[in-house]
Amino acid sequence: MLRSGLIATKIGNSSYYHDDGTNTHVTVLKVDECIVSNVKTLEKHGYNAVQLASIETNKDISHVKKPQRKIFSSIKLNPKKIVKEFKVDVENILDIGTKLNVNHFKIDQFIDASSISIGKGFAGVMKRHNFGGLRASHGVSISHRSHGSTGQNQDPGRVFKGKKMAGRMGNKKVTKQNLKVIDIDSVNNLLIVKGSVPGKKNSIIYLKDSIKRT
């Protein structure tokens, strides 16, 4: 059953100590109030979705793009930094103006987290794709970390797209699945999630119910 997710900000990593004294590596996420700013329906738009707006911005309404300005002004809402759509089932469509907070999720629930991974710049194949490299012995002259041959002979005589080679590493959308919610701090709007979440500190994280586990 598809329902709306949440927009969060990555605070950082920490350790969570349980009552029995064991600890778990966790990621702390801050969930600002998410407000339903628009709704998409199957009859009008071809699909069902809920649009959320979150995270305060210093921009004046005159500096916001016209389509978004119309959305915020129609519901008498101050401009928000992030606007994100979540596809939902028809029975989970929310009314415009509905506010979602950290209690949208439950403890011990599994969620999926999406964000832009940390950019690591240009990297070779050993770091980027975990290649073993060439032999560091006879006949290999100053090319121990190279990737070796990449193409074919006369036919087809080219390098196929998607070939694992050196290039830019990171800085792309990554989704980490099946992350367990360890704890929820309703007072400070914090979500404690087991394991790592893509992105650096202060990155925008999109959270939704796990599609593989409930």
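Figure 1. Helices here are DSSP runs of H or I with at least four residues, strands are runs of E with at least two, and both are numbered from the N terminus. This is a predicted model, in which local features need pLDDT of at least 70, side-chain atom pairs count only at pLDDT 80 or more, and totals for chains, interfaces and linings use all residues. Residues are numbered from 1 along each chain as its sequence is written, and side-chain values use heavy atoms, with hydrogens and water left out. Mean pLDDT (the predictor's confidence in each residue, from 0 to 100) is 90 for the protein, with 98% of residues at 70 or more. Where is confidence lowest, and where is it highest? Helix H2 (residues 66–74) has the lowest mean, 74, while strand S8 (residues 121–123) has the highest, 97.

**Figure 2. Here's the overall shape, with C-alpha atoms filling a box of roughly 70 × 50 × 35 Å along the principal axes.** The radius of gyration is 23 Å, whereas a compact globule of 214 residues would come in near 17 Å. That radius is taken over C-alpha atoms, and the globule rule is 2.2 Å times the number of residues to the power 0.38. Of the 214 residues, 34% count as buried; buried means under 20% relative accessible area, exposed means over 50%, and partly exposed is in between (1.4 Å probe, protein chains only). Take the contacts (heavy atoms within 4.5 Å) between residues at least 6 apart in sequence: 70% of them join residues at least 24 apart.

**Figure 3. Lys-80 sits in strand S5 (residues 80–87).** Is this lysine buried or exposed? Lys-80 counts as buried because its relative accessibility is 10%. What does Lys-80 touch, leaving out residues up to four places away in sequence? Its partners are Ile-35, Ala-53, Ser-54, Ile-55, Glu-56, Thr-57 and Phe-72.

**Figure 4. His-25 is part of strand S2 (residues 23–30).** This histidine has 59% relative accessibility, so it counts as exposed. Even so, His-25 has partners from elsewhere in the sequence: setting aside residues up to four places away, it touches Ser-14, Ser-15, Val-193, Lys-194 and Gly-195. Leu-191 is 166 residues away from His-25 along the chain, and their C-alpha atoms are separated by 14 Å.

**Figure 5. The loop between helix H3 (125–128) and strand S9 (167–169) holds Pro-156.** A cis peptide bond joins Asp-155 to Pro-156, with omega at about -5°. Asn-130 is in the loop between H3 and S9 too. Its phi is near 65°, a positive value in a residue other than glycine. Asn-130 counts as exposed because its relative accessibility is 68%.

**Figure 6. Asn-202 lies in the loop between strand S11 (190–194) and strand S12 (204–209).** What is the phi of Asn-202? It's near 70°, a positive value in a residue other than glycine. With a relative accessibility of 59%, Asn-202 therefore counts as exposed.
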